[in-house]
Amino acid sequence: MNFHEYPNSYFKAVAIKVENIEKSLKFYQEMIGFQVLEQSSHQVILTVKNSNTPILTIEQPETVVPKEQRRTGLYHFAILLPDRVSLAMVLRHLLENRYPLQGASDHLVSEALYLADPDGNGIEIYVDRPSTSWEWSGEDVVMDTIRLDAENLLSLSQETKWSGLSEGTIMGHIHLHVSELQNSKEFYTKGLGFNVVNQIYGDSALFLSTGGYHHHIGINIWNGKGAPPASENSVGLSSFTVQLPNVVVRSEIVQRVKQLGYNVTNEGTSFMVTDPSGNNIKLEI
C-alpha cells in the first residue's frame, strides 16, 4: 500500500533556513544526492532523478542567525527511499566520505540513518519494511529503536555505485519539536485530521498518520516543555507542506482549524496555518 498517495493526507515537502546557501547546496547535492529543480540567489528547490516535484527547499534569510537551541521547530525531516539497496548505497556513500552519522536504527517498521546538515538541521534517511510485516497493538503500531544491521545492509551495495538519491525517493515524514504535547495533539488530530498511531515515549512524544502509516508526523517536547519558537531568521524550519486529497477535505480542515482558534491565510494555491508551537504549514491539494 502506498501511504503517500490519495486518499491519504501526508507531508510532501519541507523548507528549511540555512546560513550559507552555497555551502548548503554543495552538501545536499554531493552528500545527500538531491538535484536542483529551481535556483535563485537566496533559495534553491531540490528534487530527485526524473522528478519535477519539489521535496526540499533551502533558503538563506538576509539577516540569518545560527540555529537557536532549545526551541520548537524541526527535529528532523525524513527522506523515504524506495528500497533497501538505495539505503545501502547511501550508507556506503556516507561512510566512504566519512560524514558523521548521529544514529543508525532499526524501528521494526523501518530502517533509518540519522545525520545533520552543516547548519544542524536534522535529517533521517530511511526505508520502510513491507506494511504487511508491521505489528499492531490495538490502534498503536509496534515500533522500537534497536541497532541497525549495517553489515547486512552494506552487503547489498557492493555491486552498485552511488549516483544520488534514487528515483522514487520522496519526503516520508517530518518530526517536530513542540512546546506542549496536548495542544499540538489537538491541532493535528482535531484540526488536520491525523490519527495517533504510536505513544512509545509516553507523555513526551507522539506519532501520527493517516491511512494506517507508521507515522507521517512525530511531535515531541524533548527541547523542554514550553520551549519558545525560534526567531524568524534563525536557521531551522521555514515551513512544511501537507498534501490533502481534495478541495472538500481542505475546506473541512480549514473550518476545523478556525474553530480551534487558529488563523488561516490564503497564499496563491496554498492555505497557510501555524501550529501551536509556531511551525508554519502549507495546505495543498
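**Loops, pockets and salt bridges in a predicted model**

Tyr201 is found in the loop between strand 13 (195-198) and strand 14 (205-209), where helices (H or I, at least four residues) and strands (E, at least two) are DSSP runs numbered from the N terminus. The structure is a predicted model, in which local features need pLDDT of at least 70 and side-chain atom pairs count only at pLDDT 80 or more, while totals for chains, interfaces and linings use all residues. Residues are numbered from 1 along each chain as its sequence is written, and side-chain values use heavy atoms, with hydrogens and water left out. Tyr201 is partly exposed, with a relative accessible area of 36%; buried means under 20%, exposed over 50%, and partly exposed in between (1.4 Å probe, protein chains only). The C-alpha atom of Tyr201 is separated by 8.9 Å from that of Asn220, 19 residues apart along the chain.

Backbone geometry was examined next. Tyr6 and Pro7 are joined by a cis peptide bond with an omega of about 10°, and Pro7 belongs to the segment before strand 1. Asn50, in the loop between strand 3 and strand 4, has a positive phi near 55° although it is not glycine. Arg98, likewise not a glycine, has a positive phi of about 55° and is located in the loop between helix 2 (84-96) and strand 6. Asn50 counts as exposed at 69% relative accessibility, and Arg98 counts as exposed at 76%.

Salt bridges were then considered. Side chains of opposite charge can pair when their charged atoms come close. With a salt bridge taken as a side-chain nitrogen of Lys or Arg within 4 Å of a carboxyl oxygen of Asp or Glu, the whole structure contains 8. In one of them, Glu111 meets Arg84 at 2.7 Å, N to O. This pair links distant parts of the chain, with Glu111 in strand 7 and Arg84 in helix 2, 27 residues apart. Glu111 is buried at 4% relative accessibility, whereas Arg84 is partly exposed at 28%. Glu111 also forms a salt bridge with Arg129, the closest N and O atoms being 3.7 Å apart. Here Arg129 lies in the loop between strand 8 and strand 9 (136-137), 18 residues from Glu111. Together with Asp106, the residues Arg84, Glu111 and Arg129 are linked in a network of salt bridges.

A pocket is an open set of points on a 1 Å grid over the protein atoms alone, where a 1.4 Å probe fits, with protein on both sides within 12 Å along at least five of seven lines; lining residues have an atom within 4 Å of a point. The largest pocket has a volume of about 830 Å³, a volume being the space filled by probe spheres set on the points, which are joined across faces, edges and corners. Its lining comprises 49 residues, of which Leu74, Tyr75, His76, His175 and His177 are the closest to the centre. Strands giving two or more residues to this lining include strand 5 (73-80), strand 7 (110-116) and strand 12 (170-177). The second largest pocket holds about 330 Å³ of space. Among its 19 lining residues, Ala13, Thr57, Thr241, Lys282 and Glu284 are the closest to its centre.
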